[in-house]
Amino acid sequence: MDFIGNLALGFSVAVSPTNIFYCFVGVLLGTLVGVLPGIGPIATMAMLLPATYALEPISALIMLAGIYYGAQYGGSTSAILLKLPGESSAVITTLDGYQMAQKGQAELALSLAAIGSFIAGTFGTLVLSAFAPLLATVAVKFGAAEYFCLMVLGLVAAIVLSSGPLLKALSMIILGLLFGIIGTDINSGLERYTFGIPEVSSGISFAVVALGLFGVSEILANLETGEKRAVVSKTIEGLWPTRAQMRQALPPILRGSVLGSLLGVLPGGGVTMASFGSYSIEKKIAKDPSRFGKGALEGVAGPESANNSAAQTSFIPLLTLGVPSNGVMAMMMSAMMLHNIRPGPQVITSTPELFWGLVASMWLGNLILVVLNLPLIGIWVKLLQVPYRLLYLVILLFCCIGIYSIQNAATDIYFGILFAILGYVFVKLRCELVPFLLGFILGPMLEDNLRRAMLLSGGDATVFVTRPISASLLAVVALLLIVALLPKIRRKREEVFQDQEA
Amino acid sequence: MRRLATSPDFLAGLAFVLFGIGFFAGSLNYEYGSVQEMGPGYFPRVLSASLLVLGLLQVIGAMREAGHGGSMASRLYVRPLIFVLGGMAVFAATLETFGIVVAAMLLVLVAGVVAPDRRWPEVALAAVLLAAFSALVFVKGLGVYMPIWPEMP
Amino acid sequence: MKNHSHQSVVRSAIRAAALLPFGLALAAASPALAQDWKPTRPVNLIVPSNPGGGHDNNARILASTMEKYAGQPINIVNQAAGGGVVAYNQMMKAKPDGYTVGQISVSVVSDQFRISGVTYNKDSYTYLGQISSDQNLLVVKADGPFGKMNVKEFVAYAKDNPGKVPFGVSGNWTNHDYTRFQIEDASGAKFLRVPQKGGSEIVLSILSGDVQAGALYPSEVKSQVDAGALKILAHNGDRALEGWPDVPTFTSQGLAVDLSIWRALVLPKETPANIVAGWRKILEETMKDPAVKQAYATAGIGYAYRNAEDMEKLVEAADNAYRTISAKAGVKVSN
């Protein structure tokens, strides 16, 4: 009863014309900046924050939140069409989304992402309104040992989702972990592998690595042939998924929604882990896993849903604990405080109309996103009809501006160049880049939590199996490893046998 | 032997070995610590050593397989590499002193050398339009922090 | 550093739309007296941190009111690279024309003791004045083993059980870590020092039971303390804590834990005197505006204002204090 009443209260706040207007503005702006590589939601929110002083607090928060999930969506658009992952959660979408676009299914990929995001967003809103306080207690149960096991689980997922030889995937993960170490060590204050360059002393930004590794190196690959090459060969399929395609996409969307809303609660990497996790699950349970990486629609629908529901529930630590779990949430927290609201356990009771209004506006924002984006898809795809001889110049310039804008540092562009070379060469050597990137994202957290767990346990490694949550996570790791490795080893053996017979 | 030198598995393994050695050598500057109190060198040393071993396994594997077939790495195309990345470098070098308009035009002109089916008038027009677009949309519109015009002395 | 200050068009448009219903324009600045220098185009305020978080909040709150007195928009430029080193260098080398203002914290004097290659110190800037002060709080879990103790009992326990009480600090030789060292130094206690990425991580670690205590800012714990989940045992300020007047200072409990933590605004060293005077006046007017005090209270930022002259004394004192304690703690300049 409470739940219905609360949501009703929320909607009565959110559907005022003013709030719908600001929700629309936020979502639209978010989508547009999300499409631009490197220009993330945080910078946009920061820029608009002063403009919200004159607004009602709830309108301001609705608009800023809209920028966040709008940008998530816009990020998937450029990941699908141009292989430009602007956010870590969009990396996985480049795998099958870009392949779908190459096959002429760009519109389908984008509409599946939109539909999946909407369903997941609806689910996330329901979870947020029904279980927010409960899920917050889960977030507080995660200590260093639990996080370490979660990160290990993420890395195992990277092995599952890779399709090449096991040793190569493992090597790429480790290389990614090593690159993730670059920067100042939190524990000792020592700078590692920075060569005294101040711009990298806080580590290399994700966007620098991703845009170089994926975006620019893809341009290099496309320019090889020296002939006109349409990025999107003519669209052969329309916007709307067929009934059969929808039937195929719906289960991944639902699984992604559930997984995402659970992982999103965890501060630190939850949203990214959700999209990676969803992809691994879909690939693992697919009848024919070999379709993945070649334009499987489950590989778009699942992760896109997962990251959207995770984006919704990532508000939980902020709203219920007053702890911002990432840069975007820190920005939301600033916005609230500038409007005289202190996020935390008291928000629900002291300003219920604000809490529930924001929750309801997220569902509304997702609805607006779908309504806004389905027509926009046509325009995005049209933009790709620009001849590649001009398009690559646009992409390259935007990548450079985006990389620069992250910390206003030209040095980062040189690093972008290095990662472009790395990406280009590794693709030639048939090494997959996604495991590298996942290692890069998780590396710092993996090390940090391992060291803290060992410090706190006095060097006793059994801490990972004596704590129930971390023990169950490790059990999942073991299970996954068995499931993942058996077929690979078997295949390897078969190959060896075939070779010997030949 | 030629075949080995173009085997992607062999070269990838070699790359991993080299990266492993590089990171391992770097990690020797950092304190190793103990299991309880891991120093800044612990994690990188364990990882780079594992990478080294994995790389070696792949090199050996590739050498074994080189005898009977195995695939070849496709070739590197140097021209796009030089001009696309060169364009980025020029952009990075000129942006803060000469502003986005000049830097964007230079990037387009340099990277435009390797445009497929290149037409210079078109590239020049793109340079002008993109420079204007960047200044208006990114700097004026989105407030990205960069100069528009060359710095006046 | 360049002078590329422009007001973002999108931001202006949204602001205009926001103000439309009220039918009023942005409060016009009071007409400037002839002798007072004021900016005539937008100003950049460099902040050595990412968007979100204490430093950035402080800048945004301040800028929102300061725009009224400066008569021009103030753009926040977040420059977090190098943990502030890059930003501090930029402030030092910016064109001294009054269009680039920097926000510094006490790390401007402590960095030289721990980061190699740092060239800035207390003499590198022209000070406009203090904008805030912060306290380090000793925080424990309210329903944990130390929730019922006072600060003396707590440090006594930590002294009897050396290395057994995990203590969360953000980073290595940050002011939180200095506070941890001062507590140990003053009481003979020995904690298990657990460096973490930032305040919110430490709060979660205390709640999850991973660490038992931590050094944190008021803004980082306010909601959890008000909700009764965390408890403050003591703070290192020199007067009563805003909102929690009953929390004792360390010094009142016989523990010499008193490093001052503050933020201030600066201009490049060579800025002409009339511009410096103009900005000092703008800052003074801003800091005396009740709106700033009100917004600080909500955000949990400690309100404190010192004019330029007093600020210079504060910087001088901080330089000495950090020099002494860094030597005592054996802080090494790392590369």
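Start in chain C, where five strands make an open, mixed sheet in the order β7-β6-β8-β5-β9. Strands here are DSSP runs of E with at least two residues, helices are runs of H or I with at least four, both numbered from the N terminus, and two strands pair if DSSP finds at least two bridges between them. Colour β7 (192-196) and β9 (230-235) of chain C: these are the edges, each with a single partner strand, so one side of each has no neighbour in the sheet. On average, neighbouring strands of this sheet are turned by 30° against each other, direction ignored.

This is a predicted model, in which local features need pLDDT of at least 70 and side-chain atom pairs count only at pLDDT 80 or more, while totals for chains, interfaces and linings use all residues. Residues are numbered from 1 along each chain as its sequence is written, with chains lettered from A and ligands numbered from 1 in the order in which they are written.

Next, select β6 (residues 166-170) of chain C, which runs parallel to β7(C) and is joined to it by five bridges. Zoom in on C:Ser170, and you'll find C:Gln196 of β7(C) opposite.

Now pick helices α7 (residues 199-208) and α8 (residues 218-226) of chain C, whose axes come within 9 Å and cross at roughly 30°. Axes are lines fitted to C-alpha atoms, for helices over the stretch in contact, with angles from 0 to 180 degrees between N-to-C directions. Show C:Gly199, C:Ser200 and C:Val203 in α7(C), which meet C:Glu220, C:Val221 and C:Gln224 in α8(C) (contact means C-beta atoms, placed from the backbone, within 7 Å).

Definitions and conventions
Two residues are in contact if their C-beta atoms, placed from the backbone, lie within 7 Å.
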